Amino acid sequence: MAAVNDQQDIKREKILEASHQRFLHYGYSKTTMNEIAGDLSMSKALLYYYFPDKSQLYIAVMRKLATDYLKTLENRLNTFTNLKEAFTFQVNTHHEFIVNNYNFFDFFRLNEQNLPETIWQIVSEVHSAELNLLSNAIKSEVEKGAIKPVENPDEVVDVLMDALHGIRVGAISQKKTNFPRKEHLEEIHHKKLLLLDIFIKGLMY
């Protein structure tokens with residue numbers, strides 16, 4: 001029984017990887033279950049055995065991407081030498097994640113006003129992990145006496161992350177969507193780093 005479960009896990013991972021590549025190159029809207037099954041030399045019926053529809057498959061791929069992203073954050077928790085290193089790491093890591101997976105996120109652009117609750121749960125987990133990373137960095141720097149005391153680091157970081165999100169939206173000339181266009185990503189990244197510099201200087205003695 002264990003061997004059967006292992007084989008199913010392996011097959012499921014192969015499906016997720018093949019699907020990620022499809023979504024990455026063609027986006028959600030231009031990817032079909034038939035194409036994914038073809039990439040895997042698998043029957044469509046078998047693919048549907050693992051995932052009942054394309055949206056459920058997409059969410060599973062997103063969960064895998066988010067898990068990898070969260071591991072990246074977790075591995076750096078409490079490892080930074082100063083506040084700027086911690087905050088710059090988070091902004092750069094988030095930027096690289098969006099750039100590297102940009103086409104994958106066309107699902108967000110298409111369904112922005114009606115995203116499934118499961119998607120929001122994943123987004124919330126990522127937000128919480130980012131907040132925890134930066135809040136811990138502030139606490140560490142306060143303990144070292146490197147920055148001014150901060151009464152509520154979680155709240156301060158939450159406000160900063162809202163401000164960073166505002167920069168992301170603010171770079172869009174036609175504000176019908178909250179998801180940035182690819183040509184705006186570098187400008188947004190640059191502005192975020194500028195805001196971080198101002199924010200960090202405000203915490204210094």
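Where is the place of His 95?

View 1. The place of His 95 is in helix 5, which spans residues 83-100; helices are DSSP runs of H or I with at least four residues, strands are runs of E with at least two, and both are numbered from the N terminus. With a relative accessible area of 12%, His 95 is buried (buried means under 20% relative accessible area, exposed over 50% and partly exposed in between, using a 1.4 Å probe and protein chains only). Leaving out residues up to four places away in sequence, His 95 touches Leu 185, Glu 186 and His 189, where contact means heavy atoms within 4.5 Å. This is a predicted model, in which local features need pLDDT of at least 70 and side-chain atom pairs count only at pLDDT 80 or more, while totals for chains, interfaces and linings use all residues. Residues are numbered from 1 along each chain as its sequence is written, and side-chain values use heavy atoms, with hydrogens and water left out.

**View 2. Helix 4 beside helix 7.** The axes of helix 4 (residues 54-76) and helix 7 (residues 117-144) come within 10 Å and cross at roughly 5°, the axes being lines fitted to C-alpha atoms over the stretch in contact, with angles running from 0 to 180 degrees between N-to-C directions. The two helices are therefore roughly parallel to each other (angles under 35 degrees count as roughly parallel, over 145 as roughly antiparallel, 65 to 115 as roughly perpendicular and the rest as oblique). Among the residues that meet are Tyr 58, Met 62 and Leu 73 in helix 4, and Ile 119, Val 126 and Leu 133 in helix 7.

**View 3. Glu 125 in helix 7.** Glu 125 has its place in helix 7 and, at 35% relative accessibility, counts as partly exposed. Not counting residues up to four places away in sequence, Glu 125 touches Arg 63 and Leu 70. Glu 125 and Ala 66 are 59 residues apart in sequence, yet 8.6 Å apart in space from C-alpha to C-alpha.

**View 4. Tyr 58 and the largest nonpolar core.** Of the 57 residues in this core, Tyr 58, Phe 87, Phe 104 and Ile 138 touch the most other members; a nonpolar core is a set of buried Ala, Val, Leu, Ile, Met, Phe, Trp, Tyr and Cys residues joined through side-chain atoms within 4.5 Å. Helix 4 gives the most to the core, with 11 residues. Beyond its neighbours within four places in sequence, Tyr 58 is in contact with residues including Phe 23, Tyr 28, Phe 104 and Ile 119.
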